[in-house]
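Visitor: Hi, I'm new to this one. Could you put it on screen and walk me through it?

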Amino acid sequence: QVQLSESGGGLVQSGGSLNLSCVASGSLSGDYSLSWYRQAPGQQRDFVAGITSFGTTNIASSVRGRFTVSGGNAKDAVFLQMNNLKPEDTAVYYCKHRDWRDTWGQGTQVTVSS
């Protein structure tokens with residue numbers, strides 16, 4: 001079983017930056033991916049960025065150029081550097097671990113004021 005611990009959310013002004021962290025523990029053997037999703041009030045949960053255990057990264061076009069995803073050296077973490085934040089980036093950001101099943105973190109709130 002996998003456990004996820006997220007941190008780094010908060011309140012920031014438009015144009016500011018935040019760095020989200022997600023650390024995974026537990027059964028991490030085999031191929032897997034660690035990803036960030038976000039969900040604004042009344043909206044669906046959308047993919048933001050992710051990294052596989054091979055080191056392959058992917059970023060949603062809506063945030064490309066502003067957000068960067070990276071992994072930990074031990075391949076047990078994923079980080080999301082968010083720059084030039086906009087009010088529309090306000091959401092709860094969730095970490096997801098995927099191997100043969102999906103495991104979600106509890107989410108961390110990101111609020112961008114205008």
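**A walk through the strands**

Guide: Let's begin with Ser 53, which sits in the loop between β5 and β6 (57-59). Strands here are DSSP runs of E with at least two residues, helices are runs of H or I with at least four residues, and both are numbered from the N terminus.

Visitor: Before we go on, what kind of model is this, and how are residues numbered?

Guide: It is a predicted model, where local features need pLDDT of at least 70 and side-chain atom pairs count only at pLDDT 80 or more, while totals for chains, interfaces and linings use all residues. Residues are numbered from 1 along each chain as its sequence is written, and side-chain values use heavy atoms, with hydrogens and water left out.

Visitor: Back to Ser 53, then. Is it buried or exposed?

Guide: Ser 53 is buried, with a relative accessible area of 10%. Buried means under 20% relative accessible area, exposed means over 50%, and partly exposed is in between, using a 1.4 Å probe and protein chains only.

Visitor: Which residues does Ser 53 touch?

Guide: Not counting residues up to four places away in sequence, Ser 53 touches Gly 30, Asp 31, Tyr 32 and Lys 75. A contact here means heavy atoms within 4.5 Å.

Visitor: Let's zoom out. How many helices and strands does the protein have?

Guide: The count is zero helices and 11 strands. The radius of gyration is 13 Å, close to the 13 Å that the globule rule gives for 114 residues, so the protein is as compact as a globular protein of that length. That radius is taken over C-alpha atoms, and the rule is 2.2 Å times the number of residues to the power 0.38.

Visitor: What share of the residues is buried?

Guide: Buried residues make up 41% of the 114. As for the box that the C-alpha atoms fill, it is roughly 45 × 25 × 20 Å along the principal axes.

Visitor: How many disulfides are there?

Guide: A search of the whole structure finds one. A disulfide is a pair of cysteine sulfur atoms within 2.5 Å, and the sulfur atoms of Cys 22 and Cys 95 are 2.0 Å apart.

Visitor: Which parts does that pair tie together?

Guide: Cys 22 lies in strand β3 (residues 18-26) and Cys 95 in strand β9 (residues 91-98), so the pair ties together parts that are 73 residues apart in sequence. Both Cys 22 and Cys 95 are buried. The link between them is left-handed, with -80° about the S-S bond.

Visitor: Now that β3 has come up, which sheet is it in?

Guide: β3 belongs to an open sheet of four strands, ordered β1-β3-β8-β7, with antiparallel pairing. Two strands pair if DSSP finds at least two bridges between them. The edge strands are β1 (2-7) and β7 (67-71), each pairing on one side only.

Visitor: And how many bridges join β3 to β8?

Guide: Six bridges join β3 to β8, and the two run antiparallel. One example: Leu 18 has Met 82 in β8 as its bridge partner.

Visitor: What about β4, how many of its residues are buried?

Guide: Six of the seven residues in β4 (residues 33-39) are buried, which leaves the strand mostly covered.

Visitor: Which strands does β4 pair with?

Guide: β4 pairs with β5 (residues 46-52) in the antiparallel sense over six bridges. There, Trp 36 stands opposite Ala 49 in β5. β4 also pairs antiparallel with β9, over seven bridges, and Leu 34 stands opposite His 97 in β9.

Visitor: How many residues lie between β4 and β5?

Guide: Six residues lie between them in this hairpin, and Gly 42 in the turn has a positive phi of about 75°.

Visitor: Which residue has a positive phi although it is not a glycine?

Guide: Asn 84 does, at about 50°. Most residues other than glycine have a negative phi. Asn 84 is in the loop between β8 (77-82) and β9, and at 41% relative accessibility it counts as partly exposed.
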